[in-house]
Amino acid sequence: MTGYRSLFRTPEFTPLFLGTAAQTAAQTVGGLALATLVYRATGSPLLSAVSMFGQSLAQALGATVLLSGADRLPPRTALSAIALAFAAGTAVQALPGLPAGALLALLVPLGLAASLGGGVRWGLLTEILTKDGYLPGRSLFNMVSGLAQIAGFATGGALLAVLSPHACLLLAAALYLTAALALRLGLTARPPRAAGRLSATATWRVNAALWSSRPRRLTYLGLWLPNGMVVGCESLYVSYAPHAAGTLFACGALGMFAGDLTVGRLLPATVRARLATPLLLLLATPYLVFVAHPPVPVAAACVTVASAGFGASLIQQERLMRLTPDTMSGQALGLHSAGMLTLQGLSATAAGVLAQLTTPALAMTTMATGSLGVTLVLALASRRPGVRREESPLSVQ
């Protein structure tokens, strides 16, 4: 397997890596600040959860009309323009006096931009690296995402203790601007991977082709549903422990880092292929403890252990790439990213509604139970005739 050190000797990998890390840090600092701002203004767990993850709901619309641009736009231009859009949108959110409704409304255009960004970024990664290098490369991206989240949530939590959420949002905008500069100056001008113009018709046609394959369809569902429901649990950290939410988010990022390192670098391929279902079960099971409303140290330990299960997505993405033609790789990965984030936004909304009607702890336990149920149903579906064992998205072999 390609080593992590050799990845940085690959042209263009480093600027893409650094630009993505800066965007992740901006998202964590800005997301925590926005959720805190909305929660302080409204006292609503639902609106707090939606403010942090509701941007993902707009990804559903973006996935149906914009996603063809993942393979039909010049990657450098698209990525730097998306980072600039986030810098501008976050700076607007930092304006004092904006009502909660306006803050939430700004999430829609940002979500539309984000729906395109994932496909462009990960499609470009398949060009920069060989197919054998994609998994360790994506693993390294996930790991730095975990580290950036740890730093971002820890820093954001500390800053919110001494600064206003508006100041933290301005810091996030500056980080987005830094990412835009790194991408624009560090990447080379590449042509689009596919001919044609960005259009809703092209997006629908390729999405339909991707969805028509049962193995790919089950892989997508395995990437979206169990993960999304657990993110619904995460969306309630602010209302579960308002003064320790940054700690819980940082612990989750630490667990995700450990899981991605283990899956992407330490496990041989023969072992890795068997672990998708066990990791998805690990992702949800520790959240069942929240029914007892544990204190913050116990909750943090549960979150850390559970988040290692996010490593399952690396196994599923590797399988998705084996099942997808190169000319569709950007849109295939964009559909994964947009669908995953859409389900995360829907789950955050559902979890917020449950928390509003019951308690954040009970809502988290309910979402985790749903994730476990979906994982088991998909594992059984993958054993039915029509899905070859080596293509099974949740095969436990």
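Author: On a 1 Å grid over the protein atoms alone, a cavity is a set of points where a 1.4 Å probe fits but cannot get out, and its lining residues have an atom within 4 Å of a point. Rolling a probe the size of a water molecule over the atoms shows where empty space is left. The model here is predicted, with local features requiring pLDDT of at least 70 and side-chain atom pairs counted only at pLDDT 80 or more, while totals for chains, interfaces and linings use all residues. Residues are numbered from 1 along each chain as its sequence is written, and side-chain values use heavy atoms, with hydrogens and water left out.

Reader: How many cavities of 30 Å³ or more does the structure hold?

Author: There are 2. Grid points are joined across faces, edges and corners, and the volume is the space filled by probe spheres set on the points.

Reader: Which residues line the second largest cavity?

Author: Its lining consists of Gly222, Leu223, Asn227, Leu280, Leu283, Gly309, Phe310, Ala312, Ser313 and Gln316. Two or more residues each come from α12 (214-234), α16 (276-284) and α18 (312-322). The helix labels follow DSSP runs (H or I, at least four residues), numbered from the N terminus.

Reader: What is the make-up of that lining by class?

Author: Ala, Val, Leu, Ile, Met, Phe, Trp, Tyr, Cys and Pro count as nonpolar, Asp, Glu, Lys and Arg as charged, and the others, Gly among them, as polar. The lining of the second largest cavity has 5 nonpolar, 5 polar and no charged residues.

Reader: Which residues of α16 are buried?

Author: Buried means under 20% relative accessible area, exposed means over 50%, and partly exposed lies in between (1.4 Å probe, protein chains only). In α16 the buried residues are Ala276, Thr277, Leu279, Leu280, Leu283 and Ala284. They lie on the same side of α16, because they cover an arc of only 165 degrees around the axis. The arc is taken over the directions from the helix axis to the C-beta atoms. Elements covering these buried residues include α12, α14 (245-266), α15 (269-272), α17 (296-307), α18 and α20 (360-381).

Reader: How is the length of a helix checked, and what span should α11 have?

Author: The expected span is 1.5 Å times one less than the number of residues. Helix α11 (residues 200-211) has 12 residues and should span 16 Å; its end C-alpha atoms are 16 Å apart, which agrees.

Reader: Which residues of α11 are buried, and which exposed residues does the face turned away from them carry?

Author: Ala202, Thr203, Val206, Asn207 and Leu210 are buried. Seen down the axis, they fall within an arc of 125 degrees, so they line one face of α11. The face turned away carries Thr201 and Arg205, both exposed. The cover over the buried side of α11 includes α4 (58-65), α5 (69-72), α12 and α19 (329-357).

Reader: Is Gln317 buried or exposed, and what is it in contact with?

Author: Gln317 lies in α18 and is buried, its relative accessible area being 2%. Contact means heavy atoms within 4.5 Å. Leaving aside neighbours within four places in sequence, Gln317 is in contact with Tyr134, Arg138, Leu223 and His336. Ala58, in α4, is also buried, at 10%. With neighbours within four places in sequence again left aside, Ala58 is in contact with Leu107, Val108, Gly111 and Leu112. From Ala58 to Leu110, 52 residues apart in sequence, the C-alpha to C-alpha distance is 8.0 Å.

Reader: What is the phi of Glu12, and what is that of His293?

Author: Most residues other than glycine have a negative phi. Glu12 has a positive phi, near 80 degrees, and sits in the loop between α1 (4-7) and α2 (13-42). Glu12 is buried, with a relative accessible area of 11%. His293 has a positive phi of about 50 degrees and is placed in the loop between α16 and α17. At 49% relative accessibility, His293 counts as partly exposed.

Reader: Where is Gly186, and what does it touch?

Author: Gly186 is in helix α10 (residues 165-186) and is partly exposed, at 31% relative accessibility. Not counting residues up to four places away in sequence, Gly186 touches Pro15 and Leu181.

Key: On a 1 Å grid over the protein atoms alone, a cavity is a set of points where a 1.4 Å probe fits but cannot get out, and a pocket is an open set with protein on both sides within 12 Å along at least five of seven lines; lining residues have an atom within 4 Å of a point.
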